[in-house]
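Colleague: I have not looked at this one before. Can you walk me through it?
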Protein chains: 2
Amino acid sequence: MEDQIIKILRKSQLSVTESRRNILEIFIQAGSALAHHDVEEKTSERFDRVTVYRTLQVFMEKGIIHTIPTTENAVLYALCKDDCEEGHHHDNHIHFVCEDCGATTCMDDIHIPEIKLPLGYNALQINMVVNGICAKCKK
Amino acid sequence: MEDQIIKILRKSQLSVTESRRNILEIFIQAGSALAHHDVEEKTSERFDRVTVYRTLQVFMEKGIIHTIPTTENAVLYALCKDDCEEGHHHDNHIHFVCEDCGATTCMDDIHIPEIKLPLGYNALQINMVVNGICAKCKK
DNA sequence: TTAGTCTTTGCAACTTTGTTGCAAAAGGTT
DNA sequence: AACCTTTTGCAACAAAGTTGCAAAGACTAA
């Protein structure tokens, strides 16, 4: 686990620091998307708010995490898959937000279907967020 | 125009006040989605920030406007079509964000395609936001 | 291992964004 | 016009996000 974290940071040409290790670990363990607020709460040591902001920013730039837009007016961050690289994020999967447990997960297997845009319009990135009830909560 | 505005407010059982007329007019004229900030800037008279917040909130509740989630960490508001009613918003169209001019528009004609979710998952609402270059900016 | 350099962190101070309670003003009704 | 109800603006907060700068930490090479 520790190896994996260092590997990811090194690959992105980032120096390995306490906060980066810690925050990256949180994402790997979480499995679902996290808000800035969640990250701050889950850090074992207390890092400065500013540090969390800057770390998330760097992770974004390096393509380690990506943002998920939500209707709830909160930005969520989630780990990118391996094929994401600096500058270009391959975000063609669906995000699912459970309205019961609140967990937001990336459904990496389900791809976003093609859509026809009006003439002249050019799509660069497509985001699809599905709100509903997840399998765990549907009982 | 003035008639149209009063009609919409009356239909939603809202009293017709300066700020509501003014803000609703801004949305009708804008044609595209607006951030809270934009609304504040465009009001001809200066209304209190709080009034703008509350007005947008009321418009949301009455189904006059709806929100659009964006990756940019900003919530946008846009006029709903006629078939949206209090409590239930028919948001099955695509939103397009132009990365050049920044305009966000509702593509009412393009419906969100069906997708197959894993077993146990239940979709209640689907949001689809396309980022790219719009017809005006593609030159 | 240590010395030196460059990067990252934490602090302080600040701006922006969003919320709440309450008195004054404006809207709707008779 | 007089009444009652709703809406507005103000003040005072709380939360979220940003910036500059000195101190601490990470990497490099000898």
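Modeller: One term before we start: a polar contact is a pair of N or O atoms within 3.5 Å. Thr17(B) gives an example, with a polar side-chain atom 2.9 Å from a phosphate oxygen of DNA strand D. Keep in mind that this is a predicted model.

Colleague: How many residues are around DNA strand D, and which come nearest?
Modeller: There are 18 around it, and the nearest are Val16(A), Ser19(B), Arg20(B), Thr51(B) and Arg54(B). Of the atoms of DNA strand D that come within 4 Å of the protein, 61% belong to sugar and phosphate.

Colleague: What kinds of residues make up the surface near DNA strand D?
Modeller: By class, 5 are nonpolar, 7 polar and 6 charged.

Colleague: Which helix gives the largest share of that surface near DNA strand D?
Modeller: α4(A), with 4 residues. At least two residues each come from α4 of chain A and from α2 (18-30) and α4 of chain B.

Colleague: Which residue has a side-chain N or O atom by a base nitrogen of DNA strand C?
Modeller: Arg49(B), at 2.9 Å.

Colleague: Which helix gives the most to the surface near DNA strand C?
Modeller: α4(B), which supplies 4 residues. At least two residues each come from α2 (18-30) and α4 (49-61) of chain A and from α4 (49-61) of chain B. The whole surface near DNA strand C has 5 nonpolar, 8 polar and 6 charged residues.

Colleague: Changing topic: how do α2(A) and α4(A) pack?
Modeller: Their axes are 10 Å apart, at an angle of about 70°. The two helices are therefore roughly perpendicular, and the crossing is right-handed.

Colleague: Which residues meet there?
Modeller: From α2(A), Ser19(A), Arg20(A), Ile23(A), Leu24(A) and Phe27(A); from α4(A), Thr51(A), Val52(A), Thr55(A), Leu56(A), Val58(A) and Phe59(A). That contact has 7 nonpolar, 3 polar and 1 charged residues.

Colleague: And at what angle does α1 of chain A pack with α2(A)?
Modeller: Helix α1 (residues 2-11) and α2(A) are at about 115°, and their axes are 10 Å apart. That makes α1(A) roughly perpendicular to α2(A).

Colleague: Is that crossing left-handed or right-handed?
Modeller: α1(A) passes α2(A) in a right-handed crossing.

Colleague: Which residues of α1(A) take part in the contact?
Modeller: Glu2(A), Gln4(A), Ile5(A), Ile8(A) and Leu9(A), which meet Arg20(A), Arg21(A), Leu24(A), Glu25(A) and Ile28(A) of α2(A). The contact of α1(A) with α2(A) has 5 nonpolar, 1 polar and 4 charged residues.

Definitions and conventions: Residues are numbered from 1 along each chain as its sequence is written. Chains are lettered from A and ligands numbered from 1 in the order in which they are written. This is a predicted model: local features need pLDDT of at least 70, side-chain atom pairs count only at pLDDT 80 or more; totals for chains, interfaces and linings use all residues. Side-chain values use heavy atoms; hydrogens and water are left out. A polar contact is a pair of N or O atoms within 3.5 Å; within protein, one must be able to donate a hydrogen and the other to accept it, and residues adjacent in sequence count only if both atoms are side-chain atoms. Ala, Val, Leu, Ile, Met, Phe, Trp, Tyr, Cys and Pro count as nonpolar, Asp, Glu, Lys and Arg as charged, and the others, Gly among them, as polar. Axes are lines fitted to C-alpha atoms, for helices over the stretch in contact, and angles run from 0 to 180 degrees between N-to-C directions. Angles under 35 degrees count as roughly parallel, over 145 as roughly antiparallel, 65 to 115 as roughly perpendicular and the rest as oblique. A crossing is left-handed if the near helix is turned anticlockwise from the far one by less than a right angle, and right-handed if clockwise. Contact means heavy atoms within 4.5 Å. A residue is near a molecule or strand if one of its heavy atoms lies within 4 Å of it.
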